[in-house]
Amino acid sequence: LVLVFLLQLIVRSVPSSKRWQEISARRMELIQTLIEETLLNNVDYIWCLDVDSKFHSRWGTESLGGLVAVIHPGYYQDDRNKFPYERRPSSRAYLAPGEGDFYYCGGAFGGLLMEVHQLAKTCRKNFEDDAKENIEAAWQEESHLNRYMWTNKPSKVLSPEYLWQDFKPRNPEIHTIRFSGVIKNYAEIRPN
């Protein structure tokens, strides 16, 4: 049995914006476009990861699945009622009190190409439809991702070790940090 993995790095410049929230909000559009213009019929899986992060440990096939979500390291110990879901019913990202399984991070998710394509397409449309009504979800695309994952359950849920936060101490139940968001000076890198 011979397995061949073809790795290719594709770099796409992302236009700057006056607000970091707008860059975050365009994530789903960029993913949808990348899949439709470059990846369709060329790959089986895709992982979407924040660029301001780094690998620490092995990340392997255990992360593959149909639609894979990572539990947000900032909220995994909290009760569901403390999750920062979008709570305004006027938004398409709305989750009512008592809804939601986990709070998933927008900085690490993936799965089968067509599953992620559907997620990106749906989240983009819902975000744009909200914007037409002057609504911006509490955490932009992450709010829409959490809404999508509530109605389209992920086939696999990964622990916060797959996107830890470097500014947090490691809790005893986190044995291996595989990937993390690096410490940064937001005042220096964000326009607002």
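Is Arg26 buried, exposed or partly exposed? Arg26 is partly exposed, at a relative accessible area of 30%. Buried here means under 20% relative accessible area, exposed means over 50%, and partly exposed lies in between (1.4 Å probe, protein chains only).

The model is predicted: local features need pLDDT of at least 70, side-chain atom pairs count only at pLDDT 80 or more, and totals for chains, interfaces and linings use all residues. Residues are numbered from 1 along each chain as its sequence is written, and side-chain values use heavy atoms, with hydrogens and water left out.

**View 1. Arg26 and Glu29 form a salt bridge.** The N to O distance is 3.1 Å. A salt bridge is a side-chain nitrogen of Lys or Arg within 4 Å of a carboxyl oxygen of Asp or Glu. Side chains of opposite charge can pair when their charged atoms come close. Glu29 is partly exposed, at 21% relative accessibility. Arg26 and Glu29 belong to a salt-bridge network with Arg124 and Glu128. The whole structure holds 14 salt bridges.

**View 2. Asp50 forms a salt bridge with Arg27.** Their closest N and O atoms are 2.9 Å apart. The pair links distant parts of the chain, 23 residues apart. Asp50 sits in the loop between strand 1 and strand 2 (53–55), and Arg27 in helix 2. Helices (H or I, at least four residues) and strands (E, at least two) are DSSP runs, numbered from the N terminus. Asp50 is partly exposed, at 23% relative accessibility.

**View 3. Asp130 and Arg92 meet in a salt bridge.** The N to O distance is 2.9 Å. Asp130 lies in helix 3, and Arg92 in the loop between strand 3 and strand 4. They are 38 residues apart. Asp130 is buried, at 0% relative accessibility. Arg92 is partly exposed, with a relative accessible area of 29%.

**View 4. The largest nonpolar core has 18 residues.** Such a core is a set of buried Ala, Val, Leu, Ile, Met, Phe, Trp, Tyr and Cys residues joined through side-chain atoms within 4.5 Å. Met28, Ile31, Phe109, Val116 and Leu119 have the most contacts inside this core. Elements giving two or more residues include helix 2 (27–39), strand 4 (104–112) and helix 4 (140–151). Helix 3 gives the largest share, 5 residues. A second, separate core of 9 residues includes Trp59, Cys105, Ala108 and Leu163.

**View 5. Leu119 has contacts with several residues, including Met28 and Phe109.** Contact means heavy atoms within 4.5 Å. Leu119 also touches Leu67, Leu145, Tyr148 and Met149, with residues up to four places away in sequence not counted.

**View 6. Three strands form an open sheet in the order 2-7-6.** The pairing is mixed. Two strands pair if DSSP finds at least two bridges between them. Strand 2 and strand 6 (164–165) stand at the edges, each with a single partner strand, so one side of each lacks a neighbour in the sheet. Strand 2 pairs with strand 7 (residues 179–181) in the antiparallel sense over 3 bridges. Ser53 has Gly181 of strand 7 as its bridge partner.

**View 7. Trp59 and Tyr162 form an edge-to-face aromatic pair.** Their centres lie 4.9 Å apart, with 85 degrees between the planes. Rings of Phe, Tyr and Trp (its six-membered ring) pair if their centres lie within 6.5 Å; planes under 30 degrees apart count as stacked, over 60 as edge-to-face and the rest as tilted. Tyr162 is buried, with a relative accessible area of 4%. Trp47, Phe55, Trp59, Tyr162 and Phe179 form one aromatic cluster.
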